[in-house]
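Trainee: I would like to learn how to read the features of a protein model. Could we go through one together?

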Amino acid sequence: MIRLFMSIFLLSAMAAAQNYDKTKVPQGNWYGDDTYFGYEYDMHANANDKDFGSAISVEYLVELFKMAGCDLLQTDTKGHEGLVSWYSKTPAASIAPGISKEMVDVWVKAGNELGIPCQAHYSGIFDMAAGEKFPDWNAVNADGEPVNGKMCPISPYADQLLIPQAKELISRYGVSAIWVDGEIWAVVPCYCDKCSSEYKKRYDSAPPRAKEDESWADWIEFTRDSFQEYVTHYADEIHSFSPDTRVCSNWLHSFRNPGCPWVPTDYISGDNLGTLSHPNNACHARFMSTRQRPWEIVLWGFYYNKNAPWIMKPLEMMQQQASQIIAFGGNINIYNQPKGHRDGRLVDWHMKRIGELGRFIKARKDVCQHTQTIPNAVILHSEYDFYSQKSNNIWEYKTQHLEGALAAMIDNSIPTDIMDEWALIDRIGEFPLVIAPSQENVSERAVEALKKYVSNGGRLIVTGPEMYDTLGGEFLGVESVALNNAHSYHIPAGGERLPLSSHGHQGGAWTEVEIFPWREVKPTTAKGFAPLTTTLFDEDKTDYFAATINRVGKGAVAYIPCDVMTYYYNCRYSTLRSFAAEVVAKLDPDFSYEIQAPAAVETVLRRKGDARYVHMLNRASGMPVFENIMGSQQPPASGPVSIKIKLDKRPESVKLLFESGNMQWKYTPEGEGGILSALIPSVHIHSVLEIKQGI
Ligand SMILES: [Zn+2]
């Protein structure tokens, strides 16, 4: 009976996915512009809970939510333990033993009092209790052992637990959305009989058991497809039960899941700690803004320093992190869970701080919502290259080369986007500069597009030894001599020299670092610059260059035959930053914006209607550099920021928004248009230069 049921489920999940064109973006469904700032509070109910939710009432929550001033709520329904914090009637449910009050019930009612929706936080693929109760639902590893608590996506889990409970949460409690946590990052490749035979059907072979196997990428692709089909299945079921209820799968179609966002969820979301150990909201926000779907980032409101307990983040740290998200048009959901209180109490000064953050965010809403990028520089984050990495699962991919490339650009005050092939290829010509950091496995289409882009006048920076094989020596204007894995090369920049290895240091007393392989190339049609040396001395020059530039058609390509972007991610040394700036300057892209600012200031270009916006985000930390510190406190203002913009006519108005300061500007006619020059003395957290031109 169970076997028959599973076959039927398998067919229905596959059928659901087949209804969708995986090259089309489904319609998103957000609440509207006034739902901008949410509050997320998940508890992950566990077996030791004794008084879960005992302290809350509708009146109590209403008073505290008023302090927070949020537009959206998200409350606990099921955590990774798999225990629901409410009295589910679904036969397969595992109910937490210590429920005093059903949090979801009280939260939805409090939301109703305030006229704001309340979503359900619900752990999906990751469910320890279901794994224990239904061992057959667990994914199976390559040795045939169950992976406890990680559901097989084509097991009966969705039909027997997730979907019925989602329906209960909608019909019995009135939640406005199911926000499914513990999803893409928790998925493990599953070798169960059903998954193995489905893989055989699609790929005509048995699943590979080891990463060394040639078909490993197919296996991981199958795992990703099968996960996305599972999400499609529950999204369809929930939507047909209640069309207005929103469905979201945490981190689906985000930076680590590039490619067409075809799965029919309603919006894109991901929760990010946003400390030194997870700093990459910069990548996430940029990438999500290109998905053609409503999106938000769930920003953690608490953090830790090393060897210290978690505490709530200072207001200014949250403001700095939130600015990096809203500047790209995203919504914010602040995640705050008071430490250790299982009775559901909320801390009043936490709620007041969240309220202050909300006021900061909402003051910026009209300028930030519904904006588009102003194409400047863009990093190619190819889905083909990304998925060619031999990952253990569908989440753990290397991203340092991408993050380093972004940092190298924005630390040099070059506004930069990140796009996958899906988003970029058709509009690549709009960007004056493209950076392809170690993108050796891009598609054939992308190779052609990059070459055509340069030939039509584009400027391209290519990094990494393998890119020589991808784009070819003729296009790069160089000839490969050898791949050197044990060099001691030094890059010249800014009148200094930067060692790329620890060779020559005094033995073990000095840090030994990974050597990034260097492809030694000799220019044919390209011109080399920045000669490499083997020491800090100019006289120890080699035959090779840190970069070459080849003119192709109307454009040019710069080749740095080493993964310097990961190196920059590792160190952020100013010499390497200067080198990146020198390469960009030599390429001389046709930028309309020239910005000079301290490295701490990130600049973002957006437009809406007849307005252009230059966002200035101060990322400085007020604390001395110290290895135990994971976030900023009392950030000092950074500046000055000098902005020059090519305009086709005199602007109607130029304003500095959100922060006061003696901004000065002038417009100088030049050629058929003119140059707007603005000088902003400093930025504390986030200010915006607004330029209106009239249509
Ligand atoms: Zn399976």
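This is a predicted model: local features need pLDDT of at least 70, side-chain atom pairs count only at pLDDT 80 or more; totals for chains, interfaces and linings use all residues.

Trainee: Into which domains is the protein divided?

Mentor: The division gives domain 1 (2-368), domain 2 (375-589) and domain 3 (595-692). Taken over C-alpha atoms, the centres of domain 1 and domain 2 are separated by 36 Å.

Trainee: How many residues are in contact between domain 1 and domain 2?

Mentor: On the domain 1 side 33 residues are in contact, with 24 residues of domain 2.

Trainee: What is the area buried between domain 1 and domain 2?

Mentor: The general idea is that the size of an interface is often given as the accessible area lost when the parts come together. Here, about 2600 Å² is buried between domain 1 and domain 2, and carbon and sulfur atoms give 63% of that area. Between these two domains there are 13 residue pairs in polar contact. Helices H7 (216-241) and H8 each supply at least two residues of the side of domain 1 that touches domain 2. H7 gives the most to that side, with six residues. Sorted by class, the side of domain 1 that touches domain 2 has 18 nonpolar, eight polar and seven charged residues. The count of salt bridges between domain 1 and domain 2 is one.

Trainee: How many salt bridges does a search of the whole structure find?

Mentor: The search finds 21. Arg202 and Glu198 form one, with their closest N and O atoms 2.8 Å apart. Both residues lie in helix H6 (residues 193-203), and they are four residues apart, about one turn of the helix.

Trainee: Is Glu198 buried or exposed?

Mentor: Glu198 counts as buried because its relative accessibility is 6%, and buried means under 20%. Arg202 counts as partly exposed, at 31% relative accessibility.

Trainee: Which parts of the chain does the pair Asp420 and Arg291 link?

Mentor: Asp420 and Arg291 meet through their side chains in a salt bridge (2.8 Å, N to O). This pair links distant parts of the chain, 129 residues apart. Asp420 is in the loop between strand E15 (416-419) and helix H14 (421-424), while Arg291 is in the loop between helix H8 (281-288) and strand E9 (295-300). Asp420 and Arg291 are both buried.

A further salt bridge joins Arg445 and Asp426, whose closest N and O atoms are 2.8 Å apart. Arg445 is in helix H15 (residues 444-455) and Asp426 in the loop between H14 and strand E16 (433-437), 19 residues apart. Arg445 is partly exposed, with a relative accessible area of 47%, and Asp426 is exposed at 70%.

Trainee: What is the relative accessible area of Glu602?

Mentor: For Glu602 the value is 0%, so this residue is buried. Glu602 is found in strand E26 (residues 601-608). Its side chain makes a polar contact with the side chain of Arg286, at 2.8 Å. Leaving aside neighbours within four places in sequence, the residues in contact with Glu602 include Arg286, Gln324, Phe328 and Ile410.

Thr548, in strand E23 (residues 541-552), is buried with a relative accessible area of 2%. Not counting residues up to four places away in sequence, Thr548 touches several residues, among them Leu476, Val478, Pro523 and Tyr559.

Trainee: Where is a peptide bond cis?

Mentor: The general idea is that most residues other than glycine have a negative phi, and most peptide bonds are trans. The peptide bond from Gly639 to Pro640 is cis, with omega near -5°. Pro640 lies in the loop between strand E27 (611-618) and strand E28 (641-647).

Trainee: What is the phi of His44?

Mentor: His44 has a phi near 50°, a positive value in a residue other than glycine. His44 sits in the loop between strand E1 (37-41) and helix H2 (58-68) and is buried, with a relative accessible area of 18%. Ala530 also is not a glycine and has a positive phi, of about 60°. Ala530 is found in strand E22 (residues 527-533) and is buried, at 11% relative accessible area.

Note on methods. Residues are numbered from 1 along each chain as its sequence is written. Side-chain values use heavy atoms; hydrogens and water are left out. A salt bridge is a side-chain nitrogen of Lys or Arg within 4 Å of a carboxyl oxygen of Asp or Glu. Buried means under 20% relative accessible area, exposed over 50%, partly exposed in between (1.4 Å probe, protein chains only). Domain bounds come from an automatic or database domain assignment. Contact means heavy atoms within 4.5 Å. Buried area is the accessible area (1.4 Å probe) that two parts lose on being put together, summed over both. A polar contact is a pair of N or O atoms within 3.5 Å; within protein, one must be able to donate a hydrogen and the other to accept it, and residues adjacent in sequence count only if both atoms are side-chain atoms. Ala, Val, Leu, Ile, Met, Phe, Trp, Tyr, Cys and Pro count as nonpolar, Asp, Glu, Lys and Arg as charged, and the others, Gly among them, as polar.
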